[in-house]
Amino acid sequence: LVQTVKTVAEVEKEANTISELRLTMNELWTCMTRHDDDKDGAINEKEFLDFMTTKETDTIMKSMGVDMEGLMSVSDFIFEQYGGVLRKNDFIGVLLDIRGSKKASVRDHVETRKF
């Protein structure tokens, strides 16, 4: 029973964190669109790398608990997975998945086994 209560509390805490992060990510996406050189509403790898080098991006990403080094190290893989471009929902999903405080899940392990 105690473990069930603890698990429910952890799930609720994660849901609240994600709700707060979505607001921050909308702000981040707005910043991101300033680097959308071809104005297609999505970000390619070059635009992403330009975006990642700004101080504003660094500050926002750190406040969200995103592992910047980890994100940069897997960016090739991420863009390959998404056909070379990330749309807003894809971008948000990637950031939620790569937060340093997020524990690995069974889904994460299944995804890595595909490769």
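**Figure 1. Helices α1 and α3 pack together in this predicted model**. The axes of α1 and α3 lie 11 Å apart. The angle between them is about 165°. Angles over 145 degrees count as roughly antiparallel, so α1 runs roughly antiparallel to α3. The crossing of α1 past α3 is left-handed. On the α1 side, the contact is made by Leu-21, Thr-24, Met-25, Glu-27, Leu-28 and Cys-31. On the α3 side, the partners are Glu-56, Thr-57, Ile-60, Met-61, Ser-63 and Met-64. By class, the residues of this contact comprise 7 nonpolar, 3 polar and 2 charged.

**Figure 2. Helix α1 crosses helix α6**. Here α1 covers residues 2-33, and α6 covers residues 88-97. Their axes come within 10 Å of each other. They cross at roughly 125°. The two helices are therefore oblique to each other. This crossing is right-handed. From α1, the residues in contact are Ile-18, Leu-21, Arg-22, Met-25, Asn-26, Leu-28, Trp-29 and Met-32. They meet Lys-88, Phe-91, Ile-92, Leu-95 and Leu-96 of α6. The contact of α1 with α6 has 10 nonpolar residues, 1 polar and 2 charged.

**Figure 3. A view along α1 and its buried residues**. This helix has 32 residues. From first C-alpha to last, α1 reaches 46 Å. That is close to the 46 Å expected at 1.5 Å a residue. Which residues of α1 are buried? They are Leu-21, Met-25, Leu-28, Trp-29, Cys-31 and Met-32. These buried residues pack against two strands, β1 (43-44) and β2 (85-86). They also pack against the helices α2 (45-52), α3 (55-64) and α6.

**Figure 4. The buried residues of α6**. Phe-91, Ile-92, Val-94, Leu-95 and Leu-96 are the buried residues of this helix. What do they pack against? Their partners are the helices α1, α2, α3, α4 (68-73) and α5, along with strand β2. Among these buried residues, Phe-91, Ile-92, Leu-95 and Leu-96 also take part in the contact with α1.

**Figure 5. Asp-36 in the loop between α1 and β1**. Is Asp-36 buried or exposed? Its relative accessibility is 7%, and buried means under 20%, so Asp-36 counts as buried. Leaving out residues up to four places away in sequence, Asp-36 touches Gly-41, Ala-42 and Glu-47. Asp-50 sits 14 residues from Asp-36 in sequence. In space, the C-alpha atoms of Asp-36 and Asp-50 are 9.7 Å apart.

**Figure 6. Asp-76 in helix α5**. Helix α5 spans residues 75-81. Asp-76 has a relative accessible area of 53%. Exposed means over 50%, so Asp-76 is exposed. Along the chain, Asp-76 and Glu-45 are 31 residues apart. Their C-alpha atoms are separated by 7.7 Å.

**Figure 7. The protein chain that holds these views**. How many helices and strands does the protein chain have? There are 7 helices and 2 strands. Along the sequence, they follow the pattern α-β-α-α-α-α-β-α-α. The chain has 115 residues, and 30% of them are buried.

Technical notes
Residues are numbered from 1 along each chain as its sequence is written. This is a predicted model: local features need pLDDT of at least 70, side-chain atom pairs count only at pLDDT 80 or more; totals for chains, interfaces and linings use all residues. Side-chain values use heavy atoms; hydrogens and water are left out. Axes are lines fitted to C-alpha atoms, for helices over the stretch in contact, and angles run from 0 to 180 degrees between N-to-C directions. Helices (H or I, at least four residues) and strands (E, at least two) are DSSP runs, numbered from the N terminus. Angles under 35 degrees count as roughly parallel, over 145 as roughly antiparallel, 65 to 115 as roughly perpendicular and the rest as oblique. A crossing is left-handed if the near helix is turned anticlockwise from the far one by less than a right angle, and right-handed if clockwise. Contact means heavy atoms within 4.5 Å. Ala, Val, Leu, Ile, Met, Phe, Trp, Tyr, Cys and Pro count as nonpolar, Asp, Glu, Lys and Arg as charged, and the others, Gly among them, as polar. The expected span of a helix is 1.5 Å times one less than its number of residues. Buried means under 20% relative accessible area, exposed over 50%, partly exposed in between (1.4 Å probe, protein chains only).
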